[in-house]
Amino acid sequence: MSTDTDRTNASLLARPLNWLETRSDAAFAYLLLGPAFLLLAVVAFYPLIQTFRFSLRADAILSADPFGAFIGFDHYVDLLTGDALLPQQFLDPSFQTPVLQQALFVTLAFAILSVLLETAIGFGQALILDQDFYGRRWVRVAIIIPYAIPIVIQAMIFYLMFSTRVGFATEFMQSIGVFGSNPLSTTTDSFLIVLVADVWKTSAFMALLILAGLQSIDRQLYDVAKVTGASPWQRFKYITLPLISGPLLVAMLFRTMDAMRIYGLIDATAGCQTVPSMTCLVVTAFNESRRWASASAVAFLTAVVISVIVVLYLVGLRDSESGMT
Amino acid sequence: MNRYQVSSESVSGVSRRRFVKTAGAAGVALTLAGCGGGGGDDSVTITADQPYKDAQDEVVSALHDAGLSDDIDVTIQAGDFESGSRREQFVSTLDAGRSDPDIFMMDSGWTIPFIVRDQLVNLSEEMSQETLDYVSNDYLDAAVQTASHPDSGDLYGLPLFPDYPVMHYRKDLVEEAGYDPEGENWATEPMTWQRFSEIAADVWDQNDNIDYGFTTQADSYVGLSCCTFSETMTSWGGAYFGDHENLFGPIGDRPITVNEQPVHDTIRMMRSFMNGPDANNAHPDYPQITNTDILEWTEEDARAPFTNGNAVFHRNWPYAIPINFNDGEFDDADYSVMPLPYAVSEDEASYEGAGGSSHALGGWHLTINPNSDRTDDAVKVLESFANENVMNTIFEEVGNPPPVPEVLENANPDNVGPIGNFLDTMAVAARNTVPRPVTAIWPDQSPVVAEEVHNAYLGDKSPSTAMSDLEGRLEELEQSV
């Protein structure tokens, strides 16, 4: 009797497994992706929706519950008109707040400049590494070393370089007329320090991704181009660039998303008061002043800005010949 | 198709059936592994500084000697060292409704926001009248104010120890320069900023090998608004919110008084200290005694040059005293402290509480978690802390001065380490403190004050423009509540 029951149970268990085995590869792939998507929905989309809901409530700094009454889009209006009750503004269209004290512009300027510089330098490094020369392996290691350094250590290196107590770089930069006497207290100087620190570290990331793209290009194409008399510039323009554009855009997309979320590097060098990025604003509003609803609104706006940029990249990728969409 | 690409079926050694089973089992195992933990014991737990944990045996023994029942066991655990992180830790604990720890050690700079949010136990309702009377009559009044509800006046925290800065200086250098600190009684008689800066400039001038006549903290951070700027402004007769009775509110119904002459003069004096009297927006009557390095300095940055023998005067909290004794590049006898200087006397100041030598009041309180399972025991533990012998034990074992000025003055100098050399100065500082203007809106106002003052120190804005901007921003925040 029990043997019969076991057999029935076994066949009951076997049924979905048998069904699974008869699905197409595509259906099986989607089935396997299902749990991951569900997890993503729980850990990413749910918090995002919840953040948006919180952002529609008032700040309640006098009560144990940090969220007050429903006030609709007031926080968004305040954030976009320069009236937010935060130490730094998200956006001030009247420009009474200096540009580099407005989180949106600080972050966009940082993202655009750092990604452009990192791409240019990374591309140059990748082109060199793509050549055959003696000691190439060691050069690769040397280029990748900055990328292996943790953010806080990276930030400390630059902080100490410009620190008034032990730094040596301020004097030099001052002597060539670039910085004032207190670069870590001055918004423009600090912005440049953070930018250079990021470029120094992350160009290696771009170099490696671009190098991978370069090495996937069939060398015979260059041989053919040489035979037909193409100049090095023509070979770069008509072979390298079109074939590398896909991986290049993906690498830039990753870097842009990272750059738009910049926080740790700023916090450990100049501080959020001097260089207020969008994430800085979220952390300050959340930790320092308990304006959790305002913090939620800044966080949601940050997600919106990043999404817009991602969409632009995806359009670029679709249009590129080796697009992934 | 790439020539390396082949059917997945032919290379895979794992069937779908096996894959699903294995992945499922691994998931269940990992989920179960994540469960468990927790636990605890029956003692009253206090989250405090590491030195309290290190001195747990002595402190707990003193509590029992002070009358705490032997049935009540006390465990001290170390909280985050950094004040802001400690606050975030307590915010999470209270928001999550956790019952552990039973007692929090809270910074007097951020206790009131917890009180007005009704997130702590009201000690006025729980403690014995005897203890409440002791606190209201004998404890440092300014410390008690930062542990009380600004409207009802009810006590929500028991001051554990107060903290107030002093001026550390190199006695050997000033004596070599022809001054007589002991004869002129520098230890207990505050001098004016005028005389102080002239001495600092003179001594600095006579010692070419020393980089700074004076080091202090002028970075744009919480310490600038709560403390260094606040006390210097107060010593000039200026104030954030008029009379000091307004320091704790009422929010939105008190004057904003930052855009006034004494506050402008404070900034001008600091600019003279950094850039000399001829610089833009500097005060012509004060000499240069330091440089703009201080604009990036917090406590430790400013202490290091002094400890290394590279500064004549240095403003800092008493924690620096044992460090200077132990690590200072000078003999112990060559080092001393004095009260902070002032610009106008209390009589000359426009606001009650302002003027005269002023020392920003820091310090920490003990408060009770309303979600505690042992509230009654926790109250008894707090009552035992309100005891002279416990205060002296803490002074001796941990180095934190008693919250009762009389206990401080009567402490045995031989038992309290290096601070014992300067109890007279500490007593003067304790009597001349200026509390932080802590209200529920202060966490929003503090970074704004720091930013505008720092802008003016840097010279990015004139003192009047910076203070006018600050006035507007403070008013806007006041009206938002």
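These legends go with a few close-up views of a predicted model. Residues are numbered from 1 along each chain as its sequence is written, with chains lettered from A and ligands numbered from 1 in the order in which they are written. Because the model is predicted, local features need pLDDT of at least 70 and side-chain atom pairs count only at pLDDT 80 or more, while totals for chains, interfaces and linings use all residues.

**View 1. The two domains of chain B.** Domain 1 of chain B covers 44-164 + 362-431, and domain 2 takes in 166-359 + 441-479; such bounds come from an automatic or database domain assignment. Their C-alpha centres sit 28 Å apart.

**View 2. Where domain 1 of chain B meets domain 2.** Here 18 residues of domain 1 touch 17 residues of domain 2, with contact meaning that C-beta atoms, placed from the backbone, lie within 7 Å. On the domain 1 side, helix H6 (111-116) and helix H19 (423-431) of chain B each give two or more residues; helices are DSSP runs (H or I, at least four residues), numbered from the N terminus. H19(B) brings the largest share, 5 residues.

**View 3. Where chain B meets chain A.** Chain B puts 29 residues into this contact, and chain A puts in 21 residues. Among the chain B helices supplying at least two residues each are H2 (16-34), H5 (83-95) and H14 (299-307). Two others are H20 (442-458) and H21 (463-479), and H20(B) holds the largest share, 7 residues.

Methods. Contact = placed C-beta atoms within 7 Å.
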